[in-house]
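Have the sequence and the model open as you read.

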Amino acid sequence: MKANKQSRISVSIRVGGLTLLAMLAASPTWALPSDTCLGATPIGALPFFESSDTTLATVDPGDPIPSCAGEDNNVWYSFTAVGDTSLLLDTAGSTFDAVVSVYQGACGVLTEVGCSEESSTGGAARLIVPVAGGDTVLISVSSDPAGGGTLDFIADASATTWGPTSDLEVVVASSDLNPFGSTFGTLHRPIAMKSKQYVFAATDEGIFVHGPAGLIEVALSGDASPSGGTFSSFGEPEMNALGDVAFWASIDGGLGVSTGFYLYTAATGLITTLVAEGDVGPGGGTFRKFGNRGQISLNDVGDVAFVGRETTQSEAGLYLLSGAVTTLMALERDPGPCGGDIRSFDRESPRSFDLNDNGVVVLHDRGHGADPAGVYKFIVGGVSAVACEGAALPSGGVIDQFFAQPVINNSDDVVFAFEDSVLGKTLAVAPGTGGLNPLVRVNDVLTTGEVVCDFAGKRFAPAVNDLKDVAISIEVDTGGVAPCVAANDEIIALRQAPAAALSSVASLASACPFGAFEDFSADVSINGAAEVAFTAQCANGHGAFQVTPAGVISSGMQVTAPTTVGAGFKVAFPSTNVAGTMVVRGHRSAIYGRKCTIAGCGVVATIVAPLDIGPGGKVVQEIEPESLNATTSRIVFSGKTFNTTGESVFLARRSGALDIVADSGALLPGGVGTFFNFTSDSEALAVPSVDGRHVQFVAQLDHPTASVGMFRYVRGVGVLTMALEGDLLPSGATIDGFRSPSVSAKTGVFSGDTSAGDCLIRVPKTGPPLIEEVCVGDVSPIGGTYDEIEVPPSIRRKSIYFTTTVSGGSHDACVFQRGVAGDRELLCDTDELPGGDWIDSVRPYETYGPSATVRGKGVVFVVESDRFFQSIVAERRGVYTLVAQADQALPTAVGGVLGSMDVRPSKNKKSVVFLGYPLGGSARVAIFLGRLG
């Protein structure tokens with residue numbers, strides 16, 4: 001068993017000093033300090049102890065300054081290692097605050113390899129440094145603050161064997177090109193597999209234009225921003241008649257810029273900054289905020305309206321940018337024409353206002369308390385009401401409330417939705433000449449016989465063109481029943497002036513290029529030719545479509561066709577112009593692999609992507625990147641297919657083929673009940689685990705007695721039930737819940753809630769009986785009892801790795817290994833790290849635990865420490881390697897320093913991969929590789 005911090009210190013002092021201290025107390029013999037680097041006192045056999053007075057020690061002009069503190073009153077020691085060792089240096093018992101720094105090289109040209117100012121408990125400096133056999137290190141002990149005092153200096157071999165610190169290599173960065181020809185967007189959890197293979201997931205998000213010339217990628221996550229840094233995520237885009245596109249974006253790595261509005265000019269293909277954080281505003285300050293995915297409205301003459309805040313203003317403002325001039329049109333809490341104050345400028349959801357070519361902005365003011373809601377028109381220098389909450393209607397009722405965004409055309413006609421206290425929800429137009437004309441109400445009947453049930457979606461917004469053509473997304477009852485009996489179907493409807501009837505543009509009965517339509521977006525757009533753009537889900541695909549008044553699809557972004565550029569995108573927020581061009585915001589997820597050798601990393605290969613086909617012709621629709629798990633040459637993940645209504649669990653094999661492990665709606669083993677879903681971000685569920693042909697996963701169920709269960713899939717055999725909620729354990733307790741499965745070919749383990757408390761439960765290969773391996777209240781090898789099993793376990797072969805808090809032991813929490821010989825401590829809080837750092841916590845996050853190696857022995861885990869936010873530590877055959885620490889310098893391929901890291905590193909036999917977030921480098925996120933020798 002590895003000794004803990006307390007026993008190491010006592011052994012160091014007892015073996016190296018207690019007898020000497022007793023002798024010194026009887027006959028003091030103060031040693032003259034070695035005051036110069038050239039006169040360093042050699043450390044012979046370990047353990048070594050020396051007590052000295054440093055009050056008269058000086059500092060030579062050529063002495064290096066320690067990185068962690070000052071250099072006053074320093075004395076020197078040297079140590080030459082006979083064999084590879086981890087050298088423990090300790091100043092416990094000293095009468096001053098000592099600083100220990102260790103160097104390699106010759107006096108005058110030294111390179112620091114470690115520095116410690118004090119321990120986590122204060123006072124004494126302690127430091128562990130790995131020293132290779134035959135190497136010599138020089139050790140400086142100084143005083144901070146100056147003055148020195150009695151130094152008790154101890155050198156010993158550390159009970160923890162530390163290998164050399166890993167040098168990081170870049171596997172892939174967000175700025176690298178992916179196989180689709182764009183840069184990687186958001187990178188997700190990497191997996192270390194055998195044969196030097198590394199698997200990771202990525203999500204691309206961006207703004208895309210589709211027209212007669214095909215698909216154009218306007219901006220992608222990871223692309224350079226004209227205001228500095230790189231684009232990270234995007235808001236709803238807007239397109240005008242020229243094909244120009246305005247959009248909001250968040251920025252990573254920008255100097256003082258985290259959000260801004262940008263313009264893509266179709267004629268040049270260039271992106272310019274419209275306005276960004278830090279730009280000077282008309283209120284005398286600089287812009288400091290634009291909200292979350294802020295909306296921007298773009299007209300056909302190139303003007304934009306937006307909401308922002310200036311440093312000189314406590315309230316948000318509505319702005320108009322025309323040419324190079326930005327005008328403040330109004331501030332929140334300005335008087336509203338309906339009474340009270342205006343309250344809606346700072347709404348962070350998009351779709352709250354619209355701008356026409358006359359420079360008129362129409363906005364829904366949501367009101368607050370006694371302040372009534374209203375629909376307002378803003379022009380430079382004034383505001384007027386289109387309609388007010390509480391206003392009388394021709395129906396005899398009043399306006400009770402408004403719904404989302406109004407829209408305006410170039411005749412100043414305003415289309416908006418409200419609740420009529422007598423007739424219910426109503427979509428109406430307020431002509432520029434005055435008045436209010438209803439367009440469609442709940443319970444109206446379409447020309448095809450369907451009854452309008454509701455305006456679809458919480459973010460419902462109509463669209464209007466200059467001919468007063470209006471497009472909307474509504475729910476209908478296809479049976480023609482009023483009031484609606486089954487309001488489950490969504491449809492895109494169009495009112496074409498001057499006709500009074502409503503006509504269906506696309507319904508569930510319409511022919512989608514990918515099978516029948518199944519679901520429609522609440523966002524629509526209509527151009528001057530009365531063509532309607534919308535996004536929809538079809539039976540075998542998702543796309544953006546444009547439909548003529550005659551019902552013919554004139555163009556469409558058929559995102560599910562494998563030959564289409566940009567295949568695999570899921571798109572939203574369509575905007576169209578009269579030239580038949582659409583702009584959308586979209587994303588795609590894929591799983592990639594890369595092979596790295598000593599000579600470097602090879603090409604990135606796509607392993608699984610949207611549109612890949614599984615058994616039964618099922619097409620992958622979406623991938624849940626956070627559910628990714630892998631061992632050997634197989635990968636398991638959860639996602640959706642076009643052919644099912646819910647989640648699926650997939651297994652990707654070495655050949656590239658996909659197995660569908662389980663589908664939502666499929667019968668459970670035994671035929672009683674069905675699978676409900678496998679979503680990985682629910683507390684009750686977990687990421688599936690794979691080992692060869694075996695997959696262990698948690699599922700929510702439609703079942704007479706159990707709402708959740710644990711299952712195992714064996715390729716060639718099928719799905720087996722491992723345990724269900726309510727099953728009896730050997731102790732007599734029952735299972736209340738399942739979390740965090742981990743599987744090997746012969747067994748599996750999961751953390752579970754039981755009626756007697758949390759336990760780690762082993763599942764034999766063939767299923768029950770279940771075995772309670774570790775439970776709250778069991779005796780810990782460091783004394784005391786296990787208190788709380790906080791993070792998921794990991795299993796390889798016959799060992800279970802887990803993290804738990806401990807009550808009454810010598811540490812608060814540790815990472816443990818349970819094997820055939822029982823439990824052993826691996827690393828605990830208050831243990832030492834090389835470089836003068838001490839572990840504050842081995843459980844930085846409650847949702848992730850230690851990760852065992854794919855092949856061979858060992859485990860890797862993330863800790864929190866005194867000096868650094870995070871460190872990654874790997875253990876293999878009793879040797880510990882410090883893989884990475886926050887603030888360390890990164891390779892030139894990325895540059896900068898490591899800011900933080902994901903808490904799920906992965907280890908194979910000789911390397912560790914992890915996700916890191918560089919600061920000051922060329923990439924906002926990257927996957928790094930640390931080799932273990």
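Is D663 buried or exposed? D663 is buried, with a relative accessible area of 9%; buried here means under 20% relative accessible area, exposed means over 50%, and partly exposed is anything in between (1.4 Å probe, protein chains only).

## Ground rules

This is a predicted model, so local features need pLDDT of at least 70 and side-chain atom pairs count only at pLDDT 80 or more, while totals for chains, interfaces and linings use all residues. Residues are numbered from 1 along each chain as its sequence is written, and side-chain values use heavy atoms, with hydrogens and water left out.

Searching the whole structure turns up 14 salt bridges, a salt bridge being a side-chain nitrogen of Lys or Arg within 4 Å of a carboxyl oxygen of Asp or Glu. One of them joins D663 to K618, with the closest N and O atoms 2.2 Å apart. D663 sits in strand 52 (residues 658-663) and K618 in the loop between strand 47 (605-608) and strand 48 (620-623), so this pair ties together parts that are 45 residues apart in sequence. Strands (E, at least two residues) are DSSP runs, numbered from the N terminus.

K468 and D413 make another salt bridge, and here the closest N and O atoms are 3.0 Å apart. K468 is in the loop between strand 35 (463-464) and strand 36 (470-477), D413 in the loop between strand 30 (399-408) and strand 31 (414-420), so they tie together parts 55 residues apart in sequence. K468 is partly exposed, at 38% relative accessibility, whereas D413 is buried at 2%.

## A buried pair and a network

R904 and D902 also form a salt bridge, at 3.3 Å between the closest N and O atoms, and both residues are buried. Elsewhere, salt bridges with shared partners join R762, E773, R818 and D823 into one network.

Now for an open, antiparallel sheet of four strands, in the order 26-27-28-29; strands pair if DSSP finds at least two bridges between them. Strand 26 (353-355) and strand 29 (382-388) are at the edges with a single partner strand each, so one side of each has no neighbour in the sheet.

Strand 28 (residues 374-379) pairs with strand 29 over six bridges, in the antiparallel sense. Y376 stands opposite A385 of strand 29.
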